[in-house]
Amino acid sequence: MNKKKSILITGGAGFIGSHVVRLFAQNYLNYQIYNLDNLTYAGNLENLKDVENSPNYKFIKGDITDENFINSIFNKYRFEAVIHLAAESHVDRSIKDPLAFVKTNVIGTMVLLNAFKSCWQGAFENKLFYHISTDEVYGTLGQTGLFTETTSYDPNSPYSASKASSDHFVRAYGETYGLPYVITNCSNNYGRHQFPEKLIPLFINNIINEKSLPVYGDGNYTRDWLYVNDHAIAIDLVFHKGLNAETYNIGGFNEWKNIDLVKLLCKQMDIKLGRLEGSSEKLITYVKDRPGHDLRYAIDANKIKSELGWQPSVTFEEGLNKTIDWYLNNKEWLDNVTSGEYQSYYTKQYS
Ligand code: NAD
Ligand code: DAU
């Protein structure tokens, strides 16, 4: 019997990571998937209930910054490929505690790169370090233009600076040590299992609870939204078909001003909750802006489209609809993740 290919997915208990783990565990029975996650506030094994007993899946609790531990699991499991998603991922938290972002996003990535390098000692054939990154590394756009793979890095928040730094280290290890890698930079994801600190799930939760909807600044900031399942499909494609040392931008071809998106969300929620039209919109409250707030992100995803044949499969209306339904039908999940630490975070961030 052929040995299963050993694949490490970091951050697999988080939002995007759990979709990637599920897709790989369900579709690739010839892979042994190891999900490494230290279960921060954002990690939740409930997200993976449906695959937790799959024979080709194993959860490992651990911290990517713990060098001895990471080296030991590389020695034990000889990971042939890494899909690296573990990160501190929320911009507002990075403004309050930047060092935590350097530790996980920069040092953690370095620890993984070193472990991968010393595990394979240059015998890199058929090996891959796949680094998941963000469009925020490119900084901000004005009213026009799109981020391409050749746009210069110009990060503005501690989060995006830490992600940019980790991208640079991955490329540097490719150049210096011949480490095989690929990087993708994706736009804003939404979908089920997203922690309600990010715009869409936070506002869904607040609408359910008839709490105010804190729109930063004038609400005229623009993001490009992608349904998380489509991101996971893109990751699968890049993992199998992406070329060594390449970068691919992933986006939804789907730009929304925050305020327009929030109004659409309010409208859909009023219908689903059987509330009077316009009642959720009354919850909108303009609050103090995010410091260093990037005006606009928009991805040119034509490279991955033309070279690998990927494109979003879900329209925004469909995706948003499914997302709202999931949160409405999974109140217990929402209640669990919004108890405890969440309450003190919320007070500090919004009071
Ligand atoms: P998330 O915050 O939902 O999940 C992050 C996961 O990483 C959690 O399960 C957490 O427990 C784990 N983790 C954090 N620190 C760790 C550590 N030191 N050791 C081990 N595990 C640790 O994040 P997400 O939104 O799913 O984002 C995943 C990746 O995708 C990140 O690298 C992020 O930068 C990138 N990304 C996110 C988006 C988005 O819109 N959410 C868009 C583009 C790129
Ligand atoms: O672009 C990709 C990035 O998208 C990812 O790399 C990040 O991990 C992810 O968090 C996301 O970053 P944003 O800062 O764009 O997402 P967030 O949901 O925090 O905010 C979306 C927009 O909504 C942004 O313009 C800020 C605004 N906002 C957000 C919150 C939480 C508000 O107006 N009010 C809020 O309470």
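Reader: How far does helix α5 reach from its first C-alpha to its last, and what span is expected at 1.5 Å a residue?

Author: The general idea is that the expected span of a helix is 1.5 Å times one less than its number of residues, where helices (H or I, at least four residues) and strands (E, at least two) are DSSP runs numbered from the N terminus. In this structure α5 covers residues 158-177, 20 residues in total, and reaches 28 Å, close to the 28 Å expected. This is a predicted model, in which local features need pLDDT of at least 70 and side-chain atom pairs count only at pLDDT 80 or more, while totals for chains, interfaces and linings use all residues. Residues are numbered from 1 along each chain as its sequence is written, chains are lettered from A and ligands numbered from 1 in the order in which they are written, and side-chain values use heavy atoms, with hydrogens and water left out.

Reader: Which residues of α5 are buried, and what do they pack against?

Author: An α-helix has 3.6 residues a turn, so residues three or four places apart point the same way. Buried means under 20% relative accessible area, exposed over 50%, and partly exposed in between (1.4 Å probe, protein chains only). The buried residues of α5 include Tyr159, Ser162, Lys163, Ser166, Val170 and Tyr173, and the buried residues of this helix pack against α3 (91-96), α4 (98-120), β5 (128-134) and β6 (181-186). Just after α5, Gly178 takes a positive phi of about 75 degrees.

Reader: Is Ile324 buried or exposed, and with which residues is it in contact beyond its neighbours within four places in sequence?

Author: Contact means heavy atoms within 4.5 Å. Ile324, found in helix α10 (residues 316-329), is buried, with a relative accessible area of 0%. Leaving aside neighbours within four places in sequence, Ile324 is in contact with Ile204, Leu265, Gln268, Met269 and Lys272.

Reader: How should I read the protein as a whole, and what is its radius of gyration?

Author: The radius of gyration is taken over C-alpha atoms, and the globule rule is 2.2 Å times the number of residues to the power 0.38. With 351 residues, a compact globule would have a value near 20 Å, and the protein, at 20 Å, agrees with this. The protein has twelve helices and twelve strands, its C-alpha trace spans about 65 × 45 × 40 Å along the principal axes, and 56% of its residues count as buried. Among contacts between residues at least 6 apart in sequence, 83% join residues at least 24 apart.
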